[in-house]
Amino acid sequence: TFARLLDGLREVHAHKLLHLDIRPANVYLRNDGSPLLIDFGGARQVLSAEGMKLPPAYTPGFAAPELHARRELLGPWSDIYSVGATMYACLAAAAPQRADARLENDLVTPASRAFAGRYAPELLEIVDWCLRLDHLERPQSVLALQKVLLGEPPRHRPG
């Protein structure tokens with residue numbers, strides 16, 4: 001389901017924009033069960049040499065560390081962190097710890113430990129990969145994340 005949800009996000013990124021507010025409340029399930037990413041009002045971060053056009057708003061627990069500080073590091077990997085946080089919230093029924101607090105004292109139990117035996121280990125490793133605090137250690141594109149979600153082996157080990 002998340003792989004299909006990412007089609008719209010991939011299109012947003014192709015237009016040099018970031019969504020910047022991916023969270024469970026912005027995932028709409030249609031009558032046929034297919035997901036739709038909504039609320040593109042935050043998709044205003046232009047990826048360009050000039051930098052941000054408007055200051056982004058964000059939802060604590062779902063925003064990547066670079067949204068809290070060091071906004072010059074924003075990129076597709078920032079939305080990917082939010083996708084990972086959204087997946088984690090679906091498993092835990094609660095948002096993960098705020099990223100800025102995680103940088104100080106990370107209390108998030110990795111999905112691969114917290115939900116072991118209840119969900120596929122490959123899925124849990126993907127969630128953990130998306131939630132890495134270092135933006136360079138996350139999937140770098142939505143396409144790369146989609147491929148792994150659909151069962152292709154990652155170029156870089158997510159676990």
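# Helix packing in a predicted model

The protein averages a pLDDT of 87, and 84% of its residues score at least 70. This is a predicted model. Confidence is highest in helix α5 (residues 111-114), at 98. It is lowest in strand β4 (residues 45-46), at a mean of 55. Where pLDDT is low, the predicted coordinates should not be read in detail.

Two packed helices are described by the angle between their axes and the distance between the axes.

| Pair | Angle between axes | Distance between axes | Crossing |
|---|---|---|---|
| α1 and α3 | about 160 degrees | 12 Å | right-handed |
| α3 and α6 | roughly 135 degrees | within 7 Å | left-handed |
| α1 and α7 | about 165 degrees | 9 Å | left-handed |

## α1 against α3

Helix α1 covers residues 2-14, and helix α3 covers residues 76-92. They pack at about 160 degrees. That angle makes α1 roughly antiparallel to α3. From α1, the contact uses F2, L6, L9 and H13. From α3, it uses P76, D79, V83, T86, M87 and C90. By class, seven of these residues are nonpolar, two are polar and one is charged.

## α1 against α7

Helix α7 spans residues 142-149 and packs against α1 at about 165 degrees. Here too α1 has a partner to which it is roughly antiparallel, namely α7. On the α1 side, the contact is made by F2, A3, L6, D7, L9, R10 and H13. On the α7 side, it is made by V142, L143, L145, Q146 and L149. The contact of α1 with α7 has eight nonpolar, two polar and two charged residues. F2, L6, L9 and H13 of α1 touch α7, and these residues also touch α3.

## α3 against α6

Helix α6 (residues 121-130) meets α3 with a crossing of roughly 135 degrees. The two helices are therefore oblique to each other. α3 brings I80, Y81, G84, M87, Y88 and L91 to the contact. α6 brings L123, L124, I126, V127 and C130. This contact has 10 nonpolar residues, one polar residue and no charged ones. M87 of α3 takes part here and also in the contact with α1.

## An aromatic pair

How many aromatic pairs does the structure hold? There are two. In one of them, the rings of Y88 and F115 have their centres 5.5 Å apart. Their planes stand at 75 degrees, so the pair is edge-to-face. Y88 lies in helix α3, and F115 lies in the loop between α5 and α6. The pair therefore ties together parts that are 27 residues apart in sequence. Y88 is also among the α3 residues in contact with α6.

Note on methods:
Residues are numbered from 1 along each chain as its sequence is written. This is a predicted model: local features need pLDDT of at least 70, side-chain atom pairs count only at pLDDT 80 or more; totals for chains, interfaces and linings use all residues. Side-chain values use heavy atoms; hydrogens and water are left out. Axes are lines fitted to C-alpha atoms, for helices over the stretch in contact, and angles run from 0 to 180 degrees between N-to-C directions. Helices (H or I, at least four residues) and strands (E, at least two) are DSSP runs, numbered from the N terminus. Angles under 35 degrees count as roughly parallel, over 145 as roughly antiparallel, 65 to 115 as roughly perpendicular and the rest as oblique. A crossing is left-handed if the near helix is turned anticlockwise from the far one by less than a right angle, and right-handed if clockwise. Contact means heavy atoms within 4.5 Å. Ala, Val, Leu, Ile, Met, Phe, Trp, Tyr, Cys and Pro count as nonpolar, Asp, Glu, Lys and Arg as charged, and the others, Gly among them, as polar. pLDDT is the predictor's confidence in each residue, from 0 to 100. Rings of Phe, Tyr and Trp (its six-membered ring) pair if their centres lie within 6.5 Å; planes under 30 degrees apart count as stacked, over 60 as edge-to-face and the rest as tilted.
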